[in-house]
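Please report on the pockets, cavities and central strands of this protein. Keep it brief.

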Amino acid sequence: MNLQRFIDAKRDELAALRRHMPEPRLAARPDFLAALQAPPAAGHPLHVVAEFKRSSPSAGVINDRLTPAETAQQYAAGGASCMSVLTEERYFSGHTRDLDAAAPAGLPLLRKDFIFSELQVRQTFATPASALLLIVALTPDAAQLRALRELAESRGIHAVVEIFTERELELARESGARIIQVNARNLETFRTDREEGLKLAVHRQPGECWIAASAMSRRPHLEAAAAAGYQAALVGTALMQGSSPLSSLQRLLLRS
C-alpha cells in the first residue's frame, strides 16, 4: 500500500511534535479561497496554484537547484494565484521551513503534505500557510476529516480536501469541505488519468471551489479544466523541470 509508507514516514515527526509543539504564528495570512474565487487575470483560462517540489516518488529528483524563495518570487511575477509547497521530507525532500522561505513573495500558500493528525494541523499554525491539504484516501472518515478541517479553520487556515473518486467526493462533502481538489494521480498506483479527473467536475455544486491536480502541464490542459468547471489547476512538475519557473508559468498561462 503506497499510502501506508507515507503514514509510516510520519512516525518520528509526530513523536517530535508530541514532545514539542511550535508556537502558533499570529500574523495575518493571505486568503487562499478568496484568491481562487476572484476572476482569473485577463488571458488566463483559470487560476494556477503553482507548486514547489524538489522531488517525488514517481518522478525522482525534479529540481534540487531552485530555492523556495526564488521560486515563489518567480511564481508571483508570472501570474500564479497561489503557491503549493511540498513539506514532506522523506519522499519529496521538503520541510515546513520552505513555507517560511516562500512567504515573502506574498502568495497564499498551501501546505501540501500527508496530514492525518491533529498534531500536524497544529504544527501548521506555526507556519505562514494559508491552507493545508487533507487527502480523503489517507483519512477515509468524514468525522475525522471534519475535525481536522474545523481545527485548521479555527486559525484562519483553509482545508483543501483531495479526492480521486466519486465515493471520496461524497466523504469530502460529508466532512463539510468547500475546496475540492481532484487528483488525477492514483496515490496507490501513481498512474494518472486526466480525463477521468475532469469528468468528476460534473458533480460540482454551487459554492464549491474545485482544483484540478496532476497531469496539468500544457495550456490546453488548463483550458479543458476550465471548460469542465474547475476554478483552478495545481501545476508542479511542469513548472519545476526547467531553470525558469517564471518562463514556464507564462507559457502555460498566456496564449502565444
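In this predicted model, β6 and strand β7 (residues 158-163) pair in the parallel sense, over five bridges. Pairing requires at least two bridges found by DSSP between the strands. Strands are DSSP runs of E with at least two residues, helices are runs of H or I with at least four, and both are numbered from the N terminus. Within this pair, L134 stands opposite V161 in β7. Right-handed means that, with the strands pointing away from the viewer, the path from the first strand over the helix to the second runs clockwise.

Strand β5 (residues 109-112) also runs parallel to β6, joined by two bridges. Here L110 stands opposite A131 in β6. The chain gets from β5 to β6 through helix α6 (residues 118-125), and this β-α-β crossover is right-handed.

β6 itself is mostly covered, with five of its five residues buried. Buried means under 20% relative accessible area, exposed means over 50%, and partly exposed lies in between, with a 1.4 Å probe and protein chains only. A131, L133 and I135 point one way from β6. L132 and L134 point the other way.

Residues are numbered from 1 along each chain as its sequence is written. Local features need pLDDT of at least 70, side-chain atom pairs count only at pLDDT 80 or more, totals for chains, interfaces and linings use all residues, and side-chain values use heavy atoms, with hydrogens and water left out.

Now the spaces. They are found on a 1 Å grid over the protein atoms alone: a cavity is a set of points where a 1.4 Å probe fits but cannot get out, and a pocket is an open set with protein on both sides within 12 Å along at least five of seven lines. Lining residues have an atom within 4 Å of a point. Points are joined across faces, edges and corners, and a volume is the space filled by probe spheres set on them.

| Space | Volume | Lining by class |
|---|---|---|
| Largest pocket | about 450 Å³ | 14 nonpolar, seven polar, six charged |
| Second largest pocket | about 150 Å³ | four nonpolar, three polar, four charged |
| Largest cavity | about 40 Å³ | seven nonpolar, two polar, one charged |
| Second largest cavity | about 40 Å³ | three nonpolar, one polar, two charged |

In these classes, Ala, Val, Leu, Ile, Met, Phe, Trp, Tyr, Cys and Pro count as nonpolar, Asp, Glu, Lys and Arg as charged, and the others, Gly among them, as polar.

The largest pocket holds about 450 Å³ of space. Its lining has 27 residues, and E51, K53, K112, R185 and S214 are the closest to its centre. β6 (131-135), β10 (232-235) and α11 (237-240) are the elements that give two or more residues to this lining.

Which helix gives the most to the lining of the second largest pocket? Helix α9 (residues 194-199) does, with three residues. Residues lining this pocket include F164, E166, N183, D193 and H203.

The count of cavities of 30 Å³ or more comes to two. For the largest cavity, the lining includes V182, R194, L198, M216 and Y230. Both α9 and β9 (209-213) give two or more residues to that lining. α9 gives the most, with three residues. The second largest cavity is lined by L33, E153, H158, A159, R178 and I179.
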